[in-house]
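Student: I'd like to go through this model piece by piece. Can we start with the overall fold and then look at the helices?
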Amino acid sequence: MTGPRLGIPWYVHPLEDPRAWQWLAAPDPVPGLVVVNVHNGPGRGHDIYYTEALRDVSRTNLLGYVDVDYGQRSKDVVAAEVREWIDRYAITGVMFDRVPTSESPLNLCRAYVLDARAAGATNVAGNPGTVPDAGYLDIFDQTIVFENTWSEYRRVEFPGWLGGIAADKIWHLVYGCRPEEVALAMERAGRLGVGYAFASTGNLPNPWRGLTGRLTTETPAG
């Protein structure tokens, strides 16, 4: 059985953790997806440190972070941030965070995705953080159907219909692991047939900081 590829929320600035960015420039294995986030999105202006760091990670499939605030942000604002990722940093993938889960905002989220693709986005992922209405898995290339702690992950049960979805459309994020639990989380993702996954020893409010070392020593190859 082949394990999931790494799908990493890379919410760390190059000046904050340069060693982590050095790892990303020459990782083994190459992550399947990496979400970059200047400042809750592309930020208000060009960040030269990001430009320099991104030059070194051209082998990686990068997604720019865009917050849709559970459908509260307008189509125009969301589309503008997608274009900023493309125009400012030449990143042609996006990950929409805080995606709603119910059926009623589905058409709005479909419009977000259509606008992103029209702007030039070649990969559009969505993060409701839990299993949403099935329609969301149709509109996104990948959907993060779990983002929670290891204590929740080890006992969560997913609906049977997810088993009919292609593995490369499913992404799990697990945090709050003890070092020895990182491999266990990735192994469970593999048993569940997940295409992308990542497990972190970090905790809220931002469990995706301080990744140096954990990536190479504790996360199994996917």
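Tutor: The strands β1-β2-β3-β4-β5-β6-β7-β8 form a closed barrel of 8 strands, with parallel pairing. From one strand to the next the twist averages 25°. This is a predicted model, where local features need pLDDT of at least 70 and side-chain atom pairs count only at pLDDT 80 or more, while totals for chains, interfaces and linings use all residues. Residues are numbered from 1 along each chain as its sequence is written, and side-chain values use heavy atoms, with hydrogens and water left out.

Student: How are strands, helices and pairing defined here?
Tutor: Helices (H or I, at least four residues) and strands (E, at least two) are DSSP runs, numbered from the N terminus. Two strands pair if DSSP finds at least two bridges between them.

Student: Which way do β3 and β4 pair, and over how many bridges?
Tutor: Strand β3 (residues 62-67) pairs with β4 in the parallel sense, over 4 bridges. Tyr65 is opposite Met95 of β4.

Student: And how many bridges join β4 to β5?
Tutor: There are 5, and the two strands run parallel. Gly93 has Asn123 in β5 as its bridge partner.

Student: Why call β4 largely enclosed?
Tutor: Because 5 of the 5 residues of β4 are buried, the rest of the structure largely encloses it. Buried means under 20% relative accessible area, with exposed over 50% and partly exposed in between (1.4 Å probe, protein chains only).

Student: Which residues of β4 point which way?
Tutor: Gly93, Met95 and Asp97 point one way, Val94 and Phe96 the other, and all are buried. In a regular strand the side chains alternate between the two faces of the sheet.

Student: How many residues of β7 are buried?
Tutor: In β7, 6 of the 6 residues are buried, which leaves the strand mostly covered. Ile170, His172 and Val174 point one way from β7, with Trp171, Leu173 and Tyr175 pointing the other way.

Student: What are the bridge counts on either side of β7?
Tutor: Strand β6 (residues 142-149) pairs with β7 over 6 bridges in the parallel sense, and Thr149 stands opposite Tyr175. The parallel pairing of β7 with β8 has 4 bridges, and Leu173 has Phe198 in β8 as its bridge partner.

Student: Switching to helices. At what angle do α3 and α4 pack?
Tutor: Helix α3 (residues 75-89) and helix α4 (residues 106-119) pack at about 30°, with their axes 9 Å apart. Axes are lines fitted to C-alpha atoms, for helices over the stretch in contact, and angles run from 0 to 180 degrees between N-to-C directions.

Student: Which residues meet there?
Tutor: From α3, Lys75, Val78, Ala79, Val82, Arg83 and Ile86 meet Leu108, Ala111, Tyr112, Asp115, Ala116 and Ala119 of α4. Contact means heavy atoms within 4.5 Å.

Student: What does α3 lie across?
Tutor: It lies across β2 (33-36), β3 and β4, and runs at about 155° to β3.

Student: Back to α4. Which of its residues are buried, and what do they pack against?
Tutor: The buried ones are Leu106, Cys109, Ala111, Tyr112, Val113 and Ala116. They pack against α3, β4 (93-97), β5 (123-127) and α5 (135-139).

Student: What follows α4?
Tutor: Gly120 does, with a positive phi near 120°.
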